[in-house]
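Here are my notes on the two-chain model you sent. Please read them with the structure open.

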Amino acid sequence: MASAADVPLRRTRAKTERGFAVAFAIMVALLAAAPFLFYPVFLMQALCFALFACAFNLLIGYVGLLSFGHALFFGWASYVAAYAAKGWGSTPELAIAAGTVTAALLGGIAGFIAIRRQGIYFAMITLALAQMMYFFALRAPFTGGEDGIQTVPVHRLFGLFDLSGEMRMYAFVLVIVLAAFLFIYRIINSPFGEVLQAIRENEQRAVSLGYKTERYKLLAFVLSATLSGLAGSLKALVLQFASLTDVHWTMSGQVVLMTLVGGLGTVFGPVAGAFLIVAMQNYLASFGEWVLVIQGAIFVFCVLAFRRGIVGEVASLLRLRL
Amino acid sequence: MIEIFGIPSQALFGQLLIGVINGSFYALLSLGLAVIFGMLNIINFTHGAQYMMGAFAAYLLLQYLGLNYWVALLIVPILVGATGVAIERLFLQYVRKLDHLYGLILTFGLALIIEGLFRNFYGSSGEPYQIPDALLGGHNLGFMFLPNYRAWVIVFSLAVCFATWLAIERTRLGSYLRAATENPVLVRAFGINVPRMVTLTYGFGVGLAALAGVMAAPIYNVSPQMGSDIIIVVFAVVVIGGMGSIMGAILSGFALGIVEGLTKVFYPEASDTVVFVIMVLVLLVRPAGFFGRSA
């Protein structure tokens, strides 16, 4: 039954969707033009991190759960994908599938343990779990310890298409990342996504409305982990190595930073944040440890004065949901 | 040579001793975290960095001012605690009303800044710090060799933990503190300056971390990353113990240190991860932790 109150709601919804379509078109156009202007490897790296940050944002931005251990999924998927491509000679799609499935399984286990506690404990538990798996990665024979897995070969996609040119690889990465991005947008705007946001706003109320919030949170966690794994697997193929850096807690911190800078709970924010932070790291690489100080300062600044992030600020100026 | 479970007693008790030592640092750090969390509702991610600052402050005082260990033990907690007071006034007071997550992220950022600065100036290799003369040497107890300094660390940290527990649970000031944790508005209405108490509590918690750092300096190398290595383990300890209770934080700190030490003897490969594994088991069996009220 349509009441009068539904009409403005539908209108906002239509406006939101139009806003999204325009912004998405702009993003695709920029990303399609970018490899002619910038170094493709840098762009591919940024795209992988953009996907990672979007996956992470699904959890913090839409369920309100801060995971401080997402490097676990990114890094382990990266190892498995690299090992599949190098050790078993898997084609890219199989290597990526192997990494992504690994992350999904790890996400199921870690999520099952971590959602038993809320808020601040959730963050500490995910951090501790990731640290535990960091030590496993350090010790496990197949990860190559301190050296990591290097010179990962990129075989023909489906055994047919050659991905060896930078441009071809870029197109491949771009298609996957955009597909995953749309998938995340779809999740957020599905009835399932609405329940997630209800949990973020007031979990008790969602429970009292009859939702089994634990299940919703677990599924959101697994989705987030899986997509982080997809990002990690892609990264292993793009940069052709997997190393301890990817599973270290600093990587979990990086993804928090990217999402925070871009805008928590905005669809485009993590992408903007990831490009900014990856660019910053490339330009500041020669400054050594100052990078750490600068990143720390950005964290502090964002929390104190810039909580909406870049895209959040733009969205509020344009009165849109981006 | 005496053997227990096929392990030479020297090795067994030696690792057990290292376990108790680590446990005393876990206890001091999780105690500080619990005190700060109780009052500020913030998980202090900077805690590890402040522990590292304590160790570095002791090293710098000796290097540049010639002030020895005992002086450092006294003034470093005050100095580093003062930086904590500054941090609370400059930053933390603005995020207390926000979602917990922001406090965690803010203190994480501060930890990166501090660690980055120290790495910049002192590299990441680490500097040695001499054991004070009075505590050199050790005693042969027959079944093991007990270095004096390690005995001192255990005794002193137990004393500090107990004193803190006493101060919070048994004194008037402690009762104000506990009351303000429960209901700050009401306590304020009674004319107690709660914001100042919050600031000083943070300073105190940071001072505890710095004290642990000074004690750790002669045992481990003084290095910029010593804090981030330990803080994650301490988080796991806090999850296991729950942050609702001071005694819980102390007991679980020592207990986990000992378990970790024993793991080094019986299954060394797992010694890095045993605390995390226990955390997982505890979460599966008792989600609220051993001493915690459910969050």
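In what order do the elements of chain A run from the N terminus on? They run α-α-α-α-α-α-α-α-α-α-α-α-α.

1. Ground rules. This is a predicted model, in which local features need pLDDT of at least 70 and side-chain atom pairs count only at pLDDT 80 or more, while totals for chains, interfaces and linings use all residues. Residues are numbered from 1 along each chain as its sequence is written, and chains are lettered from A and ligands numbered from 1 in the order in which they are written.

2. Chain A, overall. Its secondary structure comes to 13 helices and zero strands. Helices (H or I, at least four residues) and strands (E, at least two) are DSSP runs, numbered from the N terminus. The radius of gyration of chain A is 20 Å, close to the 20 Å that the globule rule gives for 322 residues, so chain A is as compact as a globular protein of that length. That radius is taken over C-alpha atoms, and the rule is 2.2 Å times the number of residues to the power 0.38. The C-alpha trace spans about 60 × 45 × 45 Å along its principal axes.

3. Chain A, burial and contacts. Of its 322 residues, 49% count as buried. A residue is buried if 20 or more other C-beta atoms lie within 10 Å of its own, exposed if 12 or fewer, and partly exposed in between, with C-beta atoms placed from the backbone. Take the contacts in chain A with a separation of 6 or more: 78% come from residues 24 or more positions apart. Two residues are in contact if their C-beta atoms, placed from the backbone, lie within 7 Å.

4. Chain B, overall. Here the count is eleven helices and four strands. For 295 residues, a compact globule would have a radius of gyration near 19 Å, and chain B agrees with 19 Å. Its C-alpha trace spans about 65 × 50 × 35 Å along the principal axes. Buried residues make up 50% of the chain. Of the contacts in chain B with a separation of 6 or more, 77% join residues 24 or more positions apart.

5. The interface. Chain B gives 35 residues to the contact and chain A gives 33. On the chain B side, the elements giving two or more residues are α4 (100-122), α9 (226-241) and α11 (274-285). The largest share, 16 residues, comes from α4(B). The chain B side divides into 26 nonpolar, five polar and four charged residues. Ala, Val, Leu, Ile, Met, Phe, Trp, Tyr, Cys and Pro count as nonpolar, Asp, Glu, Lys and Arg as charged, and the others, Gly among them, as polar.

6. B:G109. This glycine sits in helix α4 of chain B. B:G109 is buried, with 27 other C-beta atoms within 10 Å. Leaving out residues up to four places away in sequence, B:G109 touches A:G296, A:F299, A:V300 and A:V303. B:F45 is 64 residues from B:G109 in sequence, yet 8.5 Å away in space, C-alpha to C-alpha.

7. The core. The largest nonpolar core has 209 residues. Such a core is a set of buried Ala, Val, Leu, Ile, Met, Phe, Trp, Tyr and Cys residues joined through C-beta atoms within 7 Å. Among the members that touch the most others are A:A50, A:M124, B:A55 and B:A236. Helix α1 (residues 9-40) of chain B supplies the largest share of this core, 18 residues. B:A55 touches B:G213, B:V214, B:A216, B:A217, B:V222 and B:M226, residues up to four places away in sequence not counted.

8. A helix pair in chain A. Helix α3 (residues 71-87) and helix α10 (residues 249-262) of chain A pack at an angle of about 115°, with their axes 8 Å apart. Axes are lines fitted to C-alpha atoms, for helices over the stretch in contact, and angles run from 0 to 180 degrees between N-to-C directions. A:A71, A:F74 and A:G75 of α3(A) meet A:W249, A:M251 and A:S252 of α10(A). These residues divide into four nonpolar, two polar and no charged.

9. Positive phi. Two residues other than glycine are worth a look. A:T151 has phi near 40°. A:T151 lies in the loop between α5 (119-139) and α6 (166-188) of chain A. With 8 C-beta neighbours inside 10 Å, A:T151 counts as exposed. A:R319 has phi near 50° and lies in the segment after α13 (309-318) of chain A. A:R319 is exposed, with 8 other C-beta atoms within 10 Å.
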